[in-house]
Amino acid sequence: GRGQAGQAPEAAAASPTDVSRRRDVSRKVAVDLPCGVRSWRFTPPGTAELGDVVCRPGGALGSSQQLCEAAPGDRGCWFHRITCDCLFSRRLSKLYDHKSRQDLSFVRAFEFTYVNVYGTHVLVSAAHEARVEKFIYVSTDEVYGGSLDKEFDESSPKQPTNPYASSKAAAECFVQSYWERYKFPAVITRSSNVYGPHQYPEKVIPKFISLLQHNRKCCIHGSGLQTRNFLYATDVVEAFLTVLKKGKPGEIYNIGTNFEMSVLQLAKELIQLIKETSSESEMETWVDYVNDRPTNDMRYPMKSEKIQGLGWRPKVPWKEGIKKTIDWYRENFHNWKNAEKALEPFPVQPPFV
């Protein structure tokens, strides 16, 4: 993590109280986050202090630099407020952010393997050395592979169908090995798609919103009939906090929702909300069908009874969450540098070294 925006942890100003808290943090909690959730407030009002959680930024939202750009001066963003033990700082400063673009993983497979597998191994090793009391590894529903009818529970076999999901499945094995070998208190979560304010606009919901707000068409991969389950960011944060407090070490918890819609249906709903039209023919003018990914699983249905047994349930209705998200991007899209590049059907990134 970082301290003040744009500074490395060693360069961030720290009071004596901060230094004391940093020493204590190493024995508290570590959370290995993918990009899909990392820029939202990690601690809702009335819950544990941020100092109790050590987070590694990474994943679908973009790089740590993009996070600083996305929320300038927003002290509510946990990324800017986190306190991090120096052991983690030294090791994590050498790592790239988590990679979570499924389509990009086909052409950058070695990069995804290095970042997600090696990076996770470094982190869990550092957490074990620092004797943290609980380690949460945030994985993905994609490790199960796709299914048209069968719902996956935590005991279902991992059958990933793309390099991104494969790298996450492999990373899970390293985390689990530390539990098996050292009884290091690690917990794995696998969540459905996350959406909400602050998400880097290469993901489907912020991408479609941003395209429409800039009078551009939604780009649909293939038929658009693939369905996804969507969880609002604060619901996922609540799930993490539930696992932090009540999750059993060595266990896996699905974080899912019954709310599901196809990518095409998603596009049309956003067109209705942003372009204020219900005409089917007019909505079609705002859709552009492009080549599909090499593989594109139709569904990722999951059972979440296990975490629900700990008391968690999603609370934010779709209509409420999507309205907040649309409103945020209307005002904040240009907080990122070169955000327009993320709106291409298949964004191209610089070569991996």
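Predicted model: local features only at pLDDT ≥ 70, side-chain atom pairs only at ≥ 80, totals over all residues.

Reader: Okay, and why is β4 described as largely enclosed by the rest of the structure?

Author: The strand covers residues 186-191, and six of its six residues are buried, so β4 is largely enclosed by the rest of the structure. Buried here means under 20% relative accessible area.

Reader: In what sense does β3 pair with β4, and over how many bridges?

Author: β3, residues 134-140, pairs with β4 in the parallel sense, over six bridges. Within that pairing, Y137 has I188 of β4 as its bridge partner.

Reader: How does the chain cross from β3 to β4?

Author: Through helix α7, which spans residues 163-182. This β-α-β crossover is right-handed.

Reader: And β8, how does that pair with β4?

Author: β8, residues 252-255, also makes a parallel pairing with β4, with four bridges. I188 turns up again here, standing opposite I252 in β8.

Reader: Nice. Let's zoom out: how many helices and strands are there in the protein?

Author: The protein has 13 helices and 10 strands. It is 353 residues in total, and 57% of them count as buried.

Reader: What about the accessible surface?

Author: That comes to about 15,300 Å², with 51% belonging to carbon and sulfur atoms.

Reader: And what share of the contacts with a separation of 6 or more comes from residues 24 or more positions apart?

Author: Those residues account for 81% of such contacts in the protein.

Reader: Is Q226 buried or exposed?

Author: Buried: Q226 has 4% relative accessibility, and the cut-off is under 20%.

Reader: What does the side chain of Q226 make a polar contact with?

Author: With the side chain of D292, at 3.4 Å. A polar atom of the Q226 side chain also lies 3.4 Å from the backbone nitrogen of G224.

Reader: Which residues is Q226 in contact with, leaving aside neighbours within four places in sequence?

Author: The list is H221, M261, S262, V263, D292, N296, D297 and M298. D292 is the residue that Q226 meets through the side-chain polar contact.

Conventions
Residues numbered from 1 in each chain as written. Heavy atoms only, no water. Buried < 20%, exposed > 50% of the residue type's maximum accessible area, 1.4 Å probe, protein only. Helix = DSSP H or I, 4+ residues; strand = E, 2+ residues; numbered from the N terminus. Pairing = 2+ DSSP bridges. Right-handed = clockwise from strand over helix to strand, strands pointing away. Contact = heavy atoms within 4.5 Å. Areas by Shrake-Rupley, 256 points an atom, 1.4 Å probe, with all protein chains shown as cover. Polar contact = N/O pair within 3.5 Å; in protein donor to acceptor, adjacent residues only side chain to side chain.
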